[in-house]
Amino acid sequence: MSREILKIVSLNKAFGRVQAAADINLSLQEGVLTSIIGPNGAGKSTLINILSGSIPPDSGRIYFLGTDITRLPVHRRVKLGLCRSFQLVNIFPELTVFENILLPALAAADRTRHLLRAIRRETAVRAQVAQLLERIGLQHAADTVASALSHGDQRVLEVGVALAAKPKLLFLDEPTAGMNPVERVRVLENIRELSHSKQTTFVLVEHDMDIVFSLSDRVIVLHHGEVIGDGTTDAVKNDPRVREVYLGQEVPA
Amino acid sequence: MNLESLVHVCLAGLSTGMFIWLVASGLTLIFGVLGVLNFAHGSFYMLGAYCAFTALKLMGGNFWLGLLVGPLVVCAVGFVIERFFLRHVYGLELPYQLLLTFAFVLLFDNLVKIIWGAGSIGSPSVPGLSGSVNILGRFFPVYNLFIIVVGPLVALGLWALIEKTWYGRIIRAASTEREMAAAIGVRVPALFTGVFVFGTWLGAVGGALAVPYIGLLTPGMGEAIIIEAFVVAVIGGLGSLKGAFLGALVIGLLSSFGTRFLPAFDMFLTFILMAAVLLWRPQGFFGKAV
Amino acid sequence: MKRYAPILFAGIALAALVLIGLIGGRFLIYLTSRVMILSIFAMGYNILFGRTGLLSFGHAAFYAGGAYGLGLFMLHVLPHPLLGIVVGVACAALLAVVIGFFCVRHTEIYFAMLTLAFGMMVFSLIWNLRDITGGDDGLVGIIRTPIALGPLSIPIIKPQSYYFLILALLLLSVFLIYRIRHSPFGLVLAGIRENEKRVAFAGVSLKNYRLGAFVLSGAFAGLAGALGTLLESSTSPFSAHWSHSAEPILVTLIGGLQTFAGPMVGSAVFIVLREVIERFTHNWMLWFSIILLVIIMGFRGGIVGILSGRRK
C-alpha cells in the first residue's frame, strides 16, 4: 500500500446558491494516476482551484502528505510539492521556451534569491531544463519566444512549466486539449512514464474518455459538486449513477 | 475650545470639503465609467478657472456668465483629449494611461503660462456673495457658505442623473458590464466620450467656482488640488460618487481640525488616512470590492 | 554586426564620458554629472517598473532619503562623503523596506496610490520638521570634503574630480543592475511582469520578490539622491515631492521602457534637450510634453526601441 499524498476532509464551497463542492471527502494515494471527470459545471475546476490554493474553501480541511495546507498560499503549496497546469495557456509569453522552464526549475532548486549570480552559471539547473525540454519534445524551440510557438506547442510547454516545479502531486487541467495527435501521444507517454517512475503523482481533469480510461488507475466522478462515483475504470464505467449522469452522452463500455 | 471656534472650524472644514468634492466628483465619474485615473483633471480645474476669468473679463464682469461660458470652453479640450488620445490607450497597460494624462498636466501648465502669464492673477469678487456674515460673533465669508450649499446640490444633481434618468442607467450599465452594454446596442465609445466631457465640465466648474474662493489664479494650481482629489476618491472608494462625497467631507474636516490642533502634521494626517484606507479597505467606504 | 552594436555603443559612451571629464568645461561637466545622477535614479526605478510593471509615485521619497541621510550625516556626524553616501543609501533602503512592506500588497492603480500616499507622508515630514530638515530651505552647506581612506585623502571639491566619483558609481550601478537583470532573481522579476499568477505556481512568493525589487530600486534612488546633494551642496524638500517621482519614468519612457540602455539614453536626452530648448524659449515643459505625447501615442519603444528597429 502506497502512502496517502492528499487528504480532503468535508470540503465545501458555494458560489451564491451554486454548490460547487459539496462535502467532498477524498484520499489520494501516491503513484495512483487519478482522473476527475464529470459533466460541465460539475465542480472539477473549482476543486482544483481550491486544492492548488487559488480559491479558499468555505469549510473543510486539506492535508498534503500529512501537513494541513488549507490556508497556505499558492507558492507555499508549490514549494511543498503540489502544483497544477492550466486549461488555458498560461505561460510567460515574452520569455523564451527555455526561460519558461528555467524559472520554475530555479525556484524548485531554491536558487531564485541569487541577485548577482549570472544565470548562465546555473549549469546544474540548466541541464535539468534541457533534459525536460527534450523529454517534452521542445528542445529545438529552446530559444524561441513562447508566444511565437504554435498553439499545440504552447500547450505542451504549459505542461512542461508545471513539471519543471518538480511536483510530487500535479493536477493537469485538460492537458491535451488543443494538441495534435503527435503532441498528444508524446504528452500522454510522459505522463505515463513519470507516473510509473513514481516521481510525480498525477491527477487529470479530462473530457476525453479515451484518455481517461486508457491512462487512469482510478476515476472520480463529480456531479453538482458531489462525488458520485469513485473506483477503478471498470467499476466506474458500470456504476449506475454515473451512467445516469452521463445519460445521452457517450460512455465507452 | 469653545462652541464658537468649534462651529467655525467645522464650517471651514465643510467649505474645504465641498470644494474638493466639486473637483473629485468629475474625477470619480471618469474613473468609475472609463477606468482611467485622470491626472489632467486638475488641469481641467485650472483651465476652468482661467477660462471663466477671461470670459468674465470679456463679457462685462458678470461672474455667472463666466461660470457658464468658461467650463464649456474646457469641455472642448476634454473632448479632444478623449477622442484623439485617451481612446487609443484604453487597451494598453495602466502606466501608459497614467503617463498620458500626466503629459497633459505638463502641457496645460505651460500653455496657461503662455496665454495668461506666469504670475498670479487676483480675482474679482462676486456681487451678492462677497463680504462676510456674522456667525456666533465671528465673521465667515459668504462665498464659502455658498460653496457649502453648492456642493450638496451638485451631489444631488449627480445622484438624480445617475439613478433616475435613462442616461444614468446606461452609464451604470457601461461601467459594470462593458460588453453587455455594447451588446444591447449602447455605443460605448460615444458614451465614454460623453462621460469624459461631462467629467471635464464638472472639473472646470469646480475651477470656475474656485476663482473667488481661493482669490488667486496661478499656473500649477491644478497640481495641488488633483492630489487632494485623489485622496478623496481613494478614501471613498475609487469610482464611487457617494464615497467621494463623504471622503471629501472627512478630508475637509480632518484638514481644518488638523490645521487648528496639529498644524505641523495636517498634511501627514491626510496621507496616513489615505494609506490606511488603501491597506485595510482598498475598495474604500463605498467602492466595489477589489 | 548587430550583436556587437550595443558593446560598441557602450564603449563610445564610456569614452565620451571619460573625455568630458578630462577636457570638458565647467558647465559641460556639471550637466553631464546631472545626466549620470538621473541615469542612476532612472535605471534603479526601472528595476521595479521595467521588470515588474509596478508604477511607483513614491520613489522621490527614497531619493530624498538618500539626500537627507547623507546631508544630516555629513552636517552632524562626520563630514566624510563616501560614508555619507553609504549612510544615504542605507537610509533610502531602510525607508523602502518599511514603505514597500505595505505597498507590495497591491498592484496596479492601488499600488500607485499607496506609494503616492507614503511618499507624500515623507514629503510632509520633511516639509514640517523644520528643526531637523530645514523645512522649505532644505539642508545647506554640505561641503564636498576630501575622502579619507586610511592615510589617503582624495579631494573631490573640484567639479572635475567629483565628476569621476559619480562616473565610478554610475559604472558600479550599471554593473550591478546588469548582473541583477541576468540573475535568477532578475528572471523571476521578468516572470512577474509577464504573468504573475504563473510565478506563484512556480513556487515563488510574489510579495517577497516585489518587495525585493522595490527595495533595490529604492536604494539606487537613494544613491542618486546622495550624489545629487553632494553636487548641489544642498537638499531641497521638493526632491521628495510626488511629481519628482515621475521624472525617472518619463525619461525612461523617452529612452525606451524595458530596454537596458533606455533610462540612460532618456536621461541624457532629457537634460541636454532641456538645456538647448531653454536657450531659446521658456517653454521647455510644452516641448517635453509634446515629445511624451508623441512617444506614448506612436513610439512606445522609445529612442532605443526606434534605433534597434523595435516598435512596441
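How many salt bridges are there between chain A and chain C? The count is one, a salt bridge being a side-chain nitrogen of Lys or Arg within 4 Å of a carboxyl oxygen of Asp or Glu. The structure is a predicted model, in which local features need pLDDT of at least 70 and side-chain atom pairs count only at pLDDT 80 or more, while totals for chains, interfaces and linings use all residues. Residues are numbered from 1 along each chain as its sequence is written, chains are lettered from A and ligands numbered from 1 in the order in which they are written, and side-chain values use heavy atoms, with hydrogens and water left out.

The salt bridge joins A:Glu158 to C:Arg198, with 2.4 Å between the closest N and O atoms. Eight residue pairs are in polar contact across the interface of chain A and chain C, both residues at pLDDT 80 or more. A polar contact is a pair of N or O atoms within 3.5 Å; within protein, one must be able to donate a hydrogen and the other to accept it, and residues adjacent in sequence count only if both atoms are side-chain atoms. On the side of chain A that touches chain C, at least two residues each come from α2 (74–80), β6 (82–84), α3 (97–108) and α5 (151–164) of chain A. Helices (H or I, at least four residues) and strands (E, at least two) are DSSP runs, numbered from the N terminus. The most is given by α3(A), with six residues.

In this interface, 35 residues of chain A and 24 residues of chain C take part in the contact, where contact means heavy atoms within 4.5 Å. About 2500 Å² is buried between chain A and chain C, with 67% on carbon and sulfur atoms; buried area is the accessible area (1.4 Å probe) that two parts lose on being put together, summed over both. The residues of chain A that lose the most area to chain C are A:Phe92, A:Leu115 and A:Leu116, together 23% of what that side buries.

Between chain B and chain C, 40 residues of chain B are in contact with 43 residues of chain C. The buried area is about 4000 Å², and carbon and sulfur atoms give 83% of this area. B:Tyr96, B:Leu99 and B:Leu279 lose the most area on the chain B side, together 16% of what that side buries. Zero salt bridges are found across this interface, and four residue pairs are in polar contact, both at pLDDT 80 or more. The elements of chain B that give two or more residues to this side are α4 (94–116), α9 (221–236) and α11 (266–280); α4(B) gives the most, with 14 residues.

Chain B also carries a nonpolar surface patch of B:Leu58, B:Met59, B:Leu65, B:Leu68, B:Val69 and B:Val73, with about 520 Å² of accessible area together. Helix α3 (residues 63–84) of chain B supplies the largest share, four residues. B:Leu68 lies in this helix and is exposed at 55% relative accessible area.

In chain A, A:Ser216 lies in the loop between α7 (209–215) and β9 (218–223). A:Ser216 is buried, at 9% relative accessibility (buried: under 20%; exposed: over 50%; partly exposed in between; 1.4 Å probe, protein chains only). The side chain of A:Ser216 makes a polar contact of 2.7 Å with that of A:Ser35 and reaches the backbone oxygen of A:Val212 at 2.4 Å.

Technical notes
Patch = residues over 30% accessible without salt bridge, like charges linked within 9 Å, V, L, I, M, F, W, Y side chains within 5 Å. Areas by Shrake-Rupley, 256 points an atom, 1.4 Å probe, with all protein chains shown as cover.
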